[in-house]
4 protein chains.
Amino acid sequence: MKKTFTMEKTTIIEKAKVRKLRNGILITGLPGIGLIGQVVGRYLVEELKAKRIATLISPHFPHQVFMTRKGGMRIVKNSFYLYKGKKRDILILVGDIQAMSSVGQYEVATSILNYCSGIGLKEILTVGGYSTGTITEKRNVFGVATSQKLRDRLSKYGVIFGEARGSIVGAAGLLPALGRLYKIEGTCMMGETHGSFVDTVSAKQIVITLSKYLGIKINLKKLIKRTKESQKILQQVQEEVQKSMESQFEAAKKVSYIR
Amino acid sequence: MKKTFTMEKTTIIEKAKVRKLRNGILITGLPGIGLIGQVVGRYLVEELKAKRIATLISPHFPHQVFMTRKGGMRIVKNSFYLYKGKKRDILILVGDIQAMSSVGQYEVATSILNYCSGIGLKEILTVGGYSTGTITEKRNVFGVATSQKLRDRLSKYGVIFGEARGSIVGAAGLLPALGRLYKIEGTCMMGETHGSFVDTVSAKQIVITLSKYLGIKINLKKLIKRTKESQKILQQVQEEVQKSMESQFEAAKKVSYIR
Amino acid sequence: MKKTFTMEKTTIIEKAKVRKLRNGILITGLPGIGLIGQVVGRYLVEELKAKRIATLISPHFPHQVFMTRKGGMRIVKNSFYLYKGKKRDILILVGDIQAMSSVGQYEVATSILNYCSGIGLKEILTVGGYSTGTITEKRNVFGVATSQKLRDRLSKYGVIFGEARGSIVGAAGLLPALGRLYKIEGTCMMGETHGSFVDTVSAKQIVITLSKYLGIKINLKKLIKRTKESQKILQQVQEEVQKSMESQFEAAKKVSYIR
Amino acid sequence: MKKTFTMEKTTIIEKAKVRKLRNGILITGLPGIGLIGQVVGRYLVEELKAKRIATLISPHFPHQVFMTRKGGMRIVKNSFYLYKGKKRDILILVGDIQAMSSVGQYEVATSILNYCSGIGLKEILTVGGYSTGTITEKRNVFGVATSQKLRDRLSKYGVIFGEARGSIVGAAGLLPALGRLYKIEGTCMMGETHGSFVDTVSAKQIVITLSKYLGIKINLKKLIKRTKESQKILQQVQEEVQKSMESQFEAAKKVSYIR
């Protein structure tokens with residue numbers, strides 16, 4: 001590590017050197033609608049016992065540090081985990097937050113793509129929620145993809161293409177769309193959900209679809225239980241991140257206002 | 001395409017290599033007052049069967065991807081189309097959105113000018129609306145231009161100079177004004193309009209004026225009909241773009257607020 | 001002029017090459033409290049028949065172009081004028097607007113200082129208003145300066161040091177404060193004013209003080225009259241600039257909201 | 001000092017050349033909850049008669065200059081002071097303000113770390129407040145640290161680890177967290193406080209803890225008295241900084257609105 005560097009740009013810090021992924025696919029599970037991506041991403045990391053290989057920090061994330069139960073601290077971040085599957089290498093991206101501005105979103109997305117492209121990534125699959133405002137018993141899995149080949153391939157696993165309407169905001173859309181500039185095709189897989197609560201049923205449906213598509217075995221028993229546990233933590237994290245939006249300056253304002 | 005690049009700046013991706021425009025003029029049809037520019041730009045592209053030669057993406061556009069009816073996705077963007085007319089080459093710039101900040105507007109405008117200047121552009125003509133708050137039967141076409149020569153030339157085609165007052169916000173003003181730094185003169189042509197609805201009558205008037213000025217034949221019959229059809233799409237796009245302004249963070253806030 | 005350049009940063013375009021100022025002083029008259037700076041700056045330019053030598057444009061100004069009465073257009077900008085006085089060269093900076101963010105203010109200020117330092121500037125004198133919320137018959141001229149030498153020198157001309165309290169926001173403070181990094185000392189001269197109207201009486205007081213300090217003759221007769229005339233123009237400019245704050249996006253929002 | 005430079009980035013201006021710190025520790029006292037950091041930082045500087053060695057200015061601070069009682073001006077800034085203790089060198093960072101955005105916070109933090117790392121800093125200890133919303137007679141001193149070694153060491157002086165919950169916003173968290181990238185371990189020491197007033201009792205508790213940990217003698221008698229005096233100044237500074245948030249543009253808006 002050189003002594004002088006700069007955090008004016010998004011920075012990826014490698015924990016373990018990865019040379020070349022074997023038919024690598026990136027699965028992203030970042031916060032978004034119904035927190036489906038985040039729930040799926042974290043469950044995959046835990047169940048597959050994926051190994052953390054890199055950390056992404058960014059000035060476009062809140063200027064905030066979490067206090068840990070042991071009296072430690074950790075910065076707001078995204079993390080890359082690697083699972084070396086039988087058929088292919090699976091990279092999983094999870095994190096506390098997405099970048100807070102459009103300029104930040106584009107910068108973080110290209111940082112991710114530069115890193116992944118450098119280790120030979122072949123495919124991107126982002127996980128998100130598709131908000132319907134109603135609660136359906138069956139949670140469909142909708143998809144959009146950058147190539148017909150991917151649409152054909154994923155349709156076989158029950159992903160519905162051509163029905164979802166509107167737009168995808170954030171990394172779930174930007175990563176596969178910008179991936180094309182790197183000659184990496186991609187899919188955004190969306191769990192049908194109400195949109196106003198953490199939807200573990202929809203998340204489970206995504207995990208089932210992913211396990212088939214990726215040819216990996218994932219124990220589903222713990223998903224609901226674990227999710228309930230981790231939901232508390234997620235909730236705390238989200239609340240903390242929101243508090244930070246009441247910026248330093250706001251804090252100072254309150255102080256001087258009252259005294 | 002090199003593997004590592006950056007989207008921290010506005011980027012123009014060339015689909016077809018253009019060497020040198022023949023007395024090239026850039027016509028811009030971007031969203032703005034009465035959506036007149038956008039309606040005119042899209043109609044020209046369709047009627048002239050202009051060929052897409054380049055795409056412009058920018059971190060100053062919303063961090064958003066549209067889902068297509070086929071189950072594909074496409075990023076928010078602007079596009080350059082080329083029509084090789086008998087008299088001169090016509091470049092048409094259309095798009096979903098303009099940059100969302102002043103810093104973004106200047107960056108996108110100079111990206112456009114750098115690109116156009118590089119392929120020998122000679123003239124800029126931006127199309128916008130001039131909001132009056134009233135509905136007049138005759139829709140005047142107002143203009144401002146960076147040179148007397150252009151004012152003289154366009155006056156012959158009925159463009160009224162010296163009557164419009166106030167300022168022009170966005171690319172319609174910045175492109176010709178900054179164009180002078182590249183020794184490219186330019187005009188902003190404004191269709192008189194109420195300002196609160198999509199004004200196809202005013203757009204038609206602009207198309208008539210442009211067809212005369214550019215010496216091209218444009219079938220006007222389909223303008224009103226086509227516009228009505230495309231209006232729905234435009235409306236959807238605009239609504240999607242607006243939704244994205246309710247940023248990722250807002251979405252996360254709602255989720256954690258209710259649960 | 002090279003064909004490819006960038007407006008991602010503040011840019012100064014020289015109209016006339018200035019080699020080296022003779023004991024040069026920069027007087028700034030930018031918009032601010034009571035518009036005193038702007039009134040003084042414009043009057044000096046007119047009365048001294050100062051010659052425009054450079055234009056400053058910036059992505060931190062609104063993305064906006066004014067329509068002129070002749071059917072032309074001009075971008076929002078600041079301008080440098082030069083008056084070669086008997087005793088010393090006087091550079092006058094006037095303009096429509098100041099940068100709209102802190103990052104922009106610092107960037108524009110250092111652009112100005114880099115340019116001025118390059119042509120040998122020796123002193124900075126910014127003009128602003130000092131808002132009291134009351135109307136006093138006598139309008140005092142308050143000052144703050146970066147050196148005791150300047151305070152001593154200006155005190156002789158009636159400028160009151162050590163009485164004004166609080167802080168100076170914008171270029172009037174930043175320029176002399178950052179000037180110290182260039183070894184250029186400076187003063188901010190503030191006309192006492194109510195703060196809620198254009199104060200020509202206070203502006204006149206500043207002009208009188210400046211004419212003595214700079215050893216130049218300035219006809220004061222036309223100040224009140226001219227100011228009344230130019231007040232209308234200033235007002236229009238300010239209103240236009242404000243309208244632009246209702247950004248392009250806001251405009252688009254309105255359109256789609258109503259139709 | 002070179003004549004052309006740029007303030008587009010955070011800049012540290014060295015007043016005195018420091019070659020290499022002797023087991024150097026950085027104590028930061030910047031504005032935050034209960035202004036505890038700021039009170040502690042300023043008291044240490046005064047009591048230890050620490051020498052100012054560097055000034056930090058940033059475009060991410062407000063574009064604002066304070067008027068001094070002598071008729072001078074000083075820019076909004078942070079300052080580094082050095083105290084050469086018997087056991088180790090103590091660097092103290094105090095200032096008017098923290099950066100106003102996340103991008104700014106990261107940039108300022110890395111500027112500080114680049115500078116400190118360059119002069120051989122070994123440890124970071126930031127001081128902040130821990131808001132409880134209640135007033136307790138005994139003010140606990142809570143801590144989080146980046147290493148178990150630091151937690152063990154500071155626990156001996158009564159700092160409580162593992163009890164504080166939530167997150168730390170701003171430099172107090174970012175500096176030790178980012179410090180790890182420079183191989184500098186760090187602690188955030190937080191004084192328990194209500195959060196809505198300047199808490200000199202809690203600040204005193206921090207000073208006691210620090211004096212023991214750092215092995216320096218600090219006269220505590222003057223803390224409460226001095227703090228009351230400096231509180232007025234702090235309050236004025238905070239009010240000024242807030243006023244500046246009503247930007248230049250807001251000021252211009254008011255003027256043109258009323259006239």
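Two strands pair if DSSP finds at least two bridges between them. Helices (H or I, at least four residues) and strands (E, at least two) are DSSP runs, numbered from the N terminus.

## Basis of the model

This is a predicted model: local features need pLDDT of at least 70, side-chain atom pairs count only at pLDDT 80 or more, and totals for chains, interfaces and linings use all residues. Residues are numbered from 1 along each chain as its sequence is written, chains are lettered from A and ligands numbered from 1 in the order in which they are written, and side-chain values use heavy atoms, with hydrogens and water left out.

## Chain A overall

Chain A has seven helices and 12 strands. Of its 259 residues, 64% are buried. Buried means under 20% relative accessible area, exposed over 50%, and partly exposed in between (1.4 Å probe, protein chains only).

Contact means heavy atoms within 4.5 Å. Among the contacts in chain A with a separation of 6 or more, 78% come from residues 24 or more positions apart. Chain A exposes about 10500 Å², and carbon and sulfur atoms supply 52% of that area. Accessible areas come from the Shrake-Rupley method with a 1.4 Å probe; for residues, only the protein chains shown count as cover.

## Gly118 of chain A

A:Gly118 belongs to helix α2 of chain A, residues 102–118. A:Gly118 counts as exposed because its relative accessibility is 57%. A:Lys20 is 98 residues away along the chain, yet the C-alpha atoms of A:Gly118 and A:Lys20 are separated by 8.2 Å.

An open sheet of three strands runs in the order β5(A)-β4(A)-β11(D), with antiparallel pairing. Its edge strands are β5 (73–75) of chain A and β11 (167–169) of chain D; each pairs on one side only. The twist from one strand to the next averages 30°. Axes are lines fitted to C-alpha atoms, for helices over the stretch in contact, and angles run from 0 to 180 degrees between N-to-C directions.

Strand β4 of chain A (residues 64–67) is joined to β5(A) by three bridges, and the two run antiparallel. Here A:Met67 stands opposite A:Met73 of β5(A). Helix α4 of chain D (residues 171–179) lies across β4 and β5 of chain A together with β11 of chain D. This helix runs at about 90° to β5(A).

Another open sheet has three strands, in the order β11(B)-β4(C)-β5(C), and its pairing is antiparallel. At the edges stand β11 (167–169) of chain B and β5 (73–75) of chain C. Each has a single partner strand, so one side of each is left without a neighbour in the sheet. Neighbouring strands are turned by 30° against each other on average, direction ignored.

Strand β4 of chain C (residues 64–67) pairs with β5(C) over three bridges in the antiparallel sense. C:Val65 stands opposite C:Ile75 in β5(C). Helix α4 of chain B (residues 171–179) packs on the sheet, touching β11 of chain B together with β4 and β5 of chain C. The direction of α4(B) makes about 90° with that of β5(C). Nine of the nine residues of α4(B) are buried, so the helix is largely enclosed by the rest of the structure. Among them are B:Leu174, B:Leu175, B:Pro176 and B:Leu178.

## Strand β9 of chain D

Five of the five residues of β9(D), residues 141–145, are buried, so this strand is largely enclosed by the rest of the structure. D:Val141, D:Gly143 and D:Ala145 point one way from the strand, while D:Phe142 and D:Val144 point the other way.

β9(D) has five bridges to β12 of chain D (residues 185–193), running antiparallel. D:Gly143 stands opposite D:Met189 in β12(D). Two bridges join β9(D) to β10 of chain D (residues 160–161), and this pair runs parallel. The bridge partner of D:Gly143 in β10(D) is D:Phe161.

β9(D), helix α3 of chain D (residues 148–155) and β10(D) make a right-handed β-α-β unit. A crossover is right-handed if, with the strands pointing away from the viewer, the path from the first strand over the helix to the second runs clockwise.

## Aromatic pairs

Over all chains, the structure holds 12 aromatic pairs. Rings of Phe, Tyr and Trp (its six-membered ring) pair if their centres lie within 6.5 Å; planes under 30 degrees apart count as stacked, over 60 as edge-to-face and the rest as tilted. D:Tyr157 and D:Tyr213 are edge-to-face because their ring planes meet at 75°, with centres 5.6 Å apart.

This pair links distant parts of the chain, 56 residues apart. D:Tyr157 sits in the loop between α3 and β10 of chain D, and D:Tyr213 in helix α5 (residues 200–214) of chain D. D:Tyr157 is partly exposed, at 33% relative accessible area, whereas D:Tyr213 is buried, at 9%.
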